[in-house]
Amino acid sequence: MQKIQLISIFTSVLFLTHYELKAIPVYQNGFQNPVSIGMGALGVGLSHPVSGMYNNPGYLNQQGISLVDLGINSSIYGGNYSPINPGGFGGYYKFSDSKWAIYGVYSSMYSKYLPDRENVNLNTAHLGLSYQFQENLVLSMGVGPSLVHRFRSLSKWSFSGKANLLYTLGDVSIGGMVEIPGRFSREDYRGGEELLETAPERVSFGMEYRIFPNMGVYAEARKIFWERSEFLLNGIDETPDWERGIGAEWSFSGSFYWRNIGDSKWEIRSGLEYGGAYDSSGKNLRSVGLAGGFGYNWKWDEESEKEKNLSIQFGLLDYSITSTKNNRSPETIYSFSLSYLSY
């Protein structure tokens with residue numbers, strides 16, 4: 001009964017807020033950290049500490065992991081290199097002999113890195129709590145400020161939040177996430193016009209199956225509620241009639257990982273992501289992204305009672321190979337992070 005009540009609360013968050021938070025046309029399926037980018041998925045049901053801190057902290061709670069992470073992102077678009085941008089940073093702390101954990105994260109989701117005139121990114125900063133109700137069930141929630149940077153225009157601060165569930169049963173992990181990005185206003189859009197836009201909720205579900213202790217497969221589905229979009233320019237509703245459907249409203253990923261390869265501390269990952277990106281006219285350029293990445297972990301303090309590790313992670317997501325079939329500009333997104341972990 002307790003599990004049913006928790007799941008009901010989790011799924012109802014989205015629908016109780018639909019009258020306030022609808023959608024933003026520039027919002028895309030952004031993957032903010034190298035592990036997620038390297039698998040072409042958010043990783044809401046994935047057993048990895050780096051992607052977990054940003055997209056489902058329940059795994060860290062279950063494993064008793066405390067973590068600090070710092071990452072950067074960039075892009076190659078049509079042969080041009082974007083600047084190095086902050087990807088995300090934050091920390092997660094699990095209290096000893098407790099079911100509670102706290103975390104704080106900042107992330108920047110880029111809808112476009114290039115060209116500069118179309119650059120848009122959503123910045124969020126969340127403080128959150130994670131609670132392990134049972135050995136296999138964890139609920140996490142975070143809230144905080146958010147803002148949108150659209151080319152040279154910066155919005156006022158808004159309010160955003162996330163809610164996550166993680167359930168594990170043997171070699172299977174199932175996770176879900178609801179995101180509420182916020183409602184943004186600015187008075188400097190296009191040199192002095194007033195713009196009010198609402199960002200879409202996004203719901204994600206993922207499932208991991210561990211074939212062996214260090215090897216597994218992962219599948220994920222995501223939905224953005226574009227139909228609730230609102231784009232008010234100088235008080236007039238200018239919401240575009242965005243083309244939606246599979247690839248924009250829904251997107252999917254399938255991926256594979258292998259950790260602690262042989263006797264080493266190397267890990268590799270790879271995946272496919274099917275989704276879409278809007279061009280300036282509102283057309284959805286559906287495409288397949290090819291993802292890949294690697295990481296390396298080593299012990300920081302051999303004599304400590306707790307295991308302390310340093311971890312480097314790299315990931316890339318490429319749309320260049322498949323771009324010619326759907327008129328999408330060739331683009332490769334890549335990311336790097338450095339983490340400190342304590343078990």
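# Close-up views of a predicted model

**View 1. A nonpolar patch on the surface of the predicted model.** Y209, I211, F212, V217, F256, W258, W266, I268 and F294 form a nonpolar patch on the surface, and together they have about 810 Å² of accessible area. Patches are made of residues with over 30% relative accessible area and no salt bridge, where like charges are joined within 9 Å and nonpolar side chains (Val, Leu, Ile, Met, Phe, Trp, Tyr) within 5 Å. The areas come from the Shrake-Rupley method with a 1.4 Å probe, and for residues only the protein chains shown count as cover. At least two residues of the patch are supplied by each of strand 12 (202–212), strand 16 (250–259) and strand 17 (266–278); strand 12 gives the most, with three residues, and F212 lies in this strand. Strands (E, at least two residues) and helices (H or I, at least four residues) are DSSP runs, numbered from the N terminus. This is a predicted model, in which local features need pLDDT of at least 70 and side-chain atom pairs count only at pLDDT 80 or more, whereas totals for chains, interfaces and linings use all residues. Residues are numbered from 1 along each chain as its sequence is written, and side-chain values use heavy atoms, with hydrogens and water left out.

View 2. Rings of Phe, Tyr and Trp (its six-membered ring) pair if their centres lie within 6.5 Å, and planes under 30 degrees apart count as stacked, over 60 as edge-to-face and the rest as tilted. Y93 is partly exposed, with a relative accessible area of 41%, and F95 also counts as partly exposed, at 34% relative accessibility; buried means under 20% relative accessible area, exposed over 50%, and partly exposed in between (1.4 Å probe, protein chains only). Elsewhere, ring pairs link W266, F294, Y296, W298 and F314 into a cluster.

**View 3. Charged side chains over aromatic rings.** K223 lies over the face of F225, at 4.8 Å from the ring centre, while the charged end of R259 sits over the ring of Y257, 3.9 Å from its centre. A charge sits over a ring if NZ of Lys or CZ of Arg is within 6 Å of the ring centre and within 35 degrees of the ring normal.

**View 4. Salt bridges.** A search of the whole structure finds nine salt bridges, each defined as a side-chain nitrogen of Lys or Arg within 4 Å of a carboxyl oxygen of Asp or Glu. One of them joins the side chains of R183 and E230 (3.3 Å, N to O); because R183 lies in strand 10 (residues 183–189) and E230 in strand 14 (residues 230–233), this pair ties together parts that are 47 residues apart in sequence. R183 counts as partly exposed, at 36% relative accessibility, whereas E230 counts as buried, at 17%. The side chains of K223 and E249 also meet in a salt bridge (2.8 Å, N to O), and since K223 lies in strand 13 (residues 215–224) and E249 in the loop between strand 15 (236–237) and strand 16, the pair ties together parts that are 26 residues apart in sequence. Both K223 and E249 are buried. In a further salt bridge, the side chains of E267 and R269 meet at 2.4 Å, N to O, with E267 buried at a relative accessible area of 5% and R269 buried at 5% relative accessibility. Salt bridges that share partners join K162, E179 and R202 into one network.

View 5. Strand 3 (residues 85–94) and strand 4 (residues 100–112) pair in the antiparallel sense over seven bridges, and two strands are taken to pair if DSSP finds at least two bridges between them. Within this pairing, G90 stands opposite V105 in strand 4. The hairpin of strand 3 and strand 4 has five residues between the strands, and there D97 takes a positive phi near 55°. Strand 4 and strand 5 (residues 120–134) likewise pair in the antiparallel sense, over 12 bridges, with Y106 opposite A125 in strand 5.

View 6. Four strands form an open sheet in the order 10-11-14-15, with antiparallel pairing. Strand 10 and strand 15 stand at the edges, each with a single partner strand, so one side of each is left without a neighbour in the sheet. Strand 11 (residues 193–198) and strand 14 pair over four bridges in the antiparallel sense, and the bridge partner of E197 in strand 14 is F231.
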